[in-house]
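Subject: Structure handover

Hello,

Here is the structure I promised to pass on. My notes on it follow below.

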Amino acid sequence: MRKLFKYNFLYRYLVIVSLTLKFIFRIYLFLFIHSVWDEQTNEKWNILLAKLARDYRKKAERLGGVLIKVGQFLSTRKDFLPDVFIEELSELVDHVPPMPFEYAEKILQEDWGENIYEHVNYIKKESVASASIGEVYYGVLNNGNEVAIKVRRHRIEEIFHKDFVAMRMVFWILKVFTTFGKKADLKALYNELVTVMERELDYKKEVEFGKYFKERYADMENIHIPEFYEEYSTKRVIVMEWIHGEKITNAAFYREHRLNRQVISKALFDFYVDQFLNPGKFHADPHAGNILLQQDGTVAIIDFGMVGEIKKQDTEYFKLLVQGFIIDNYDIVVDALDKMNFLLPNADKKKIKEVMRDAVELYSDGSLKNLNSQTINQLFDEVTEMVQEQPIQLPADYAYLLRAISIVVGILFAINPDIDIVKWGKDRIRDWFGKSSIIESVAKQYVKNATDPLLSYPRALLNFLESGERDRVWDKEKFHIKMKHQYYLLLETFSFIMVVLGIIIGIYSFSMDVVFIRYFGWSIAGIFFILLNILLLFHRRMIKSKKSKT
């Protein structure tokens, strides 16, 4: 029965919107009940978030479509979500059920316009990898070349476009009924999400990206980008060279073939740091499954479905950012972040400067000399916490860039725990600035820094000291009143949506001629119509009570 409804627009819309409302309801209910935030409350909060994330993952794996891609997209957004949520969502990468081969065969037949065995001598019917958009099969061309054949999943484009409508409603609900909607630019986030997904649906784009990286890194001896067979590739099919190798983190493979970890980690570092520092496209999904190690020590990079881009102007902002950190001028750092569109209009720039200064002082006190993956992850956590607290929103390419950097650093330390990443990084940054330009740039900034006026005492602290205890108590009361108001609005909206959906189901049932569904739809509409009126009555009483107090 579920399979029949899987492609039904109304069913998918109802599941996605109701899932969102359920999450918001449970979060508001938790905040409504727990007015005191102590260690025990924090533990309960993390348990709740983990459960919500687990519910989302299971629903996404069952329903497929945009829910999986949204989960994977949000798993890159540490500026929005806590770690416990992201950890659960990251499992969506590896838990996608395989697509039956007959669907893949039908797509190949349609796109190639003739019997598939006119092109391939053999294709293994069991897929070797399953992803949210495509399925990968092993094949052999008629000329004897081994290939990987990636086929887009059955009706995935249709599902995506249906889900985009539901996601628009989800973003509207988040904007109106959550503080997250006030902190983030949800319109921009929605547009980024749709753009990223539309691009991943078009396999011609992935072939184009693959060719770009092959040409860009043709001179790197230890890096191999597979060949793409454009004559067989379409919007729904990619045919590329089959790579024999193991995940780059496979320790046994290094021992078996006596591979030099230092050489391999340096090759990987050079490959990715060039993308992270210089204008051009970068590989945005560098997890171990997409970086394969061959017997001769060559590193092969596969899967260019997720690709970000660094523009020339971005590199200038990055340099400005580094200069600000070098001379300990966080006005420059914040100004660079603002130019990069990281900061929303209501961001507290003074608070951001203080947090960054504290983080840098913590990790520059000799500990950078002993930098390891744990230290880097801890530093990322510090920055992430600051990002989540402030109205900071990373554009999609920057979010992918930060995620890619953290993944690559983790892989490098997994390959070679003794890696001197600071030394390698310093050498590359020196080259990036240019031998003389970095000295001149920093000198100029030092002069500017010396002439800057002293920062005024933070206004927020003065306001806090000047306000009396009575005002602070009143602020707490206003917060709880606001919470109750949002709580009622949420329940009223949910009830109204259920009334409308009940009516739609009731009307829709006439075309299906199913009496049970008709009664179910009208019953839902009736129950929630009564509940809506009750909620409106209590809500009005609360508003009157609030007015009488003021």
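R428 is partly exposed, because its relative accessible area is 22% and the buried class stops at under 20%. This is a predicted model, so please read each value as computed from it. The side chain of R428 forms a salt bridge with D270, at 3.4 Å from N to O. R428 sits in helix α18 (residues 421–433) and D270 in helix α12 (residues 261–277), so the bridge ties together parts that lie 158 residues apart in sequence.

How many salt bridges are there in the whole structure? The search finds 19. A few of them deserve a look.

K150 and E206 meet in a salt bridge, with N and O 3.0 Å apart. This pair also links distant parts of the chain: K150 belongs to strand β4 (residues 146–152), E206 to helix α10 (residues 203–216), and 56 residues separate them. Are these two partners buried or exposed? K150 is buried, at 15% relative accessible area. E206 is buried as well, at 5%.

R155 and E158 make another salt bridge, at 2.7 Å from N to O. Here R155 is partly exposed, with a relative accessible area of 35%. E158 is partly exposed too, at 30%.

There is also a network. Salt bridges link K106, E110, D111 and R236.

Now the strands. Start with β3, which covers residues 134–141. Eight of its eight residues are buried, so β3 is largely enclosed by the rest of the structure. In a regular strand, side chains alternate between the two faces of the sheet. In β3, both faces are covered. On one side, G134, V136, Y138 and V140 are buried.

Which strands pair with β3? Take them in turn:

- β1 (residues 120–123) pairs with β3 in the antiparallel sense, over three bridges. Y122 has V140 of β3 as its bridge partner.
- β2 (residues 129–130) is antiparallel to β3 as well, over two bridges. A129 stands opposite V136 of β3. A hairpin of three residues joins β2 to β3.
- β4 runs antiparallel to β3, and seven bridges join the two. Here V140 has E146 of β4 as its bridge partner. The hairpin between β3 and β4 has four residues between the strands, and G144 takes a positive phi near 95 degrees there.

Last, helix α9, residues 186–201. Does its length agree or disagree with what its residue count predicts? At 1.5 Å a residue, its 16 residues should span 22 Å. The C-alpha atoms at its ends are 22 Å apart, which agrees. The buried residues of α9 are L186, L189, Y190, E192, L193, V194, V196, M197, E200 and L201. The list includes two glutamates, E192 and E200.

For a quick tour, begin at the D270 and R428 pair. Move to K150 and E206. Then step through β3 with its partners β1, β2 and β4. Finish at α9.

Best wishes

Definitions and conventions:
Residues numbered from 1 in each chain as written. Predicted model: local features only at pLDDT ≥ 70, side-chain atom pairs only at ≥ 80, totals over all residues. Heavy atoms only, no water. Salt bridge = Lys/Arg side-chain N within 4 Å of Asp/Glu carboxyl O. Buried < 20%, exposed > 50% of the residue type's maximum accessible area, 1.4 Å probe, protein only. Pairing = 2+ DSSP bridges. Expected span 1.5 Å × (residues − 1).
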